[in-house]
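Subject: Structure handover

Dear colleague,

Here is the structure I promised to pass on. My notes on it follow below; please read them with the model open.

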Amino acid sequence: SKMFRGVQVKKAQNIDVPKGAAPKVDGIVNDAEWKDAAVISNFCDSYNVYQVKSKTAMKFRHDGKFLYAAVIADIPKSNENITKKPSSTGKRDAFLWDFESVEFFFGGKDDQSYQFILAPDNALFDATWGGKRNLNTAMKWNSADVKFATTFSKERWCGEIAIPIADLKLANPVGKNKFRSNFARNHRYTDLKK
């Protein structure tokens, strides 16, 4: 989406995720805990339909056992009425892509992949995909040891997730200790302008 990014990305980018001490997974993105993290912040509108006003940053580090990710998702004043998931859907495995959330995808050289979606109301969707992409089958998988937490304010929401590296059982596509990955923010809001 070079319309708003300004530069077209022609190939995948390698991101080196540093190893370090585990951050406290409490939904508070503490600068001291994340100071040496790899950062991704060049998010853009994937449909080229409107100017992107929201800013999103993700930070990554690992301790050898868990891959840690932090999310800082700003909410512009014009988009304050974000669409959160209904509380009736619970904290695990609701269709969070329909609501304000961020997504993490990890894939191998075959069709096997893992998806995690974190929402600002402290909810998580996790699934594994492979072969025939059946939603019901994919959702039966849960990462037993995943940890996650979020915090929310009018200006932004933040989240932290700890994904067990052992859960990412992937045929290695690009070399030792590497994953194919993709990250996204679903910025969902109701436009109150008439």
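For the chain, the mean pLDDT is 83, with 82% of the residues reaching 70 or more.

On conventions, this is a predicted model in which local features need pLDDT of at least 70 and side-chain atom pairs count only at pLDDT 80 or more, while totals for chains, interfaces and linings use all residues. Residues are numbered from 1 along each chain as its sequence is written, and side-chain values use heavy atoms, with hydrogens and water left out.

Overall content. The chain has 3 helices and 9 strands, taken as DSSP runs numbered from the N terminus (helices H or I, at least four residues; strands E, at least two). Their order from the N terminus is α-α-β-β-β-β-β-β-α-β-β-β. Of the 194 residues, 40% are buried, where buried means under 20% relative accessible area, exposed over 50%, and partly exposed in between (1.4 Å probe, protein chains only). The accessible surface comes to about 11,400 Å², and carbon and sulfur atoms account for 49% of that; the areas come from the Shrake-Rupley method with a 1.4 Å probe, and for residues only the protein chains shown count as cover. Among contacts with a separation of 6 or more, 63% are between residues 24 or more positions apart.

The sheet. Four strands form an open sheet in the order E6-E5-E4-E9, with antiparallel pairing. Strand E6 (123–129) and strand E9 (180–186) are the edges, each pairing on one side only. On average, neighbouring strands of this sheet are turned by 10° against each other, direction ignored; the axes are lines fitted to C-alpha atoms (for helices over the stretch in contact), and angles run from 0 to 180 degrees between N-to-C directions. Strands count as paired if DSSP finds at least two bridges between them. Antiparallel strands E4 (residues 101–107) and E5 (residues 113–119) are joined by 6 bridges, and Gly107 has Ser113 in E5 as its bridge partner.

Val17. This residue lies in the loop between helix H1 (2–5) and helix H2 (31–34). Val17 counts as partly exposed because its relative accessibility is 31%. Beyond its neighbours within four places in sequence, Val17 contacts Ala38, Phe60, Arg61, His62 and Leu67. Val17 and Val39, 22 residues apart in sequence, are 8.9 Å apart in space, C-alpha to C-alpha.

Regards

Notes. Contact means heavy atoms within 4.5 Å. pLDDT is the predictor's confidence in each residue, from 0 to 100.
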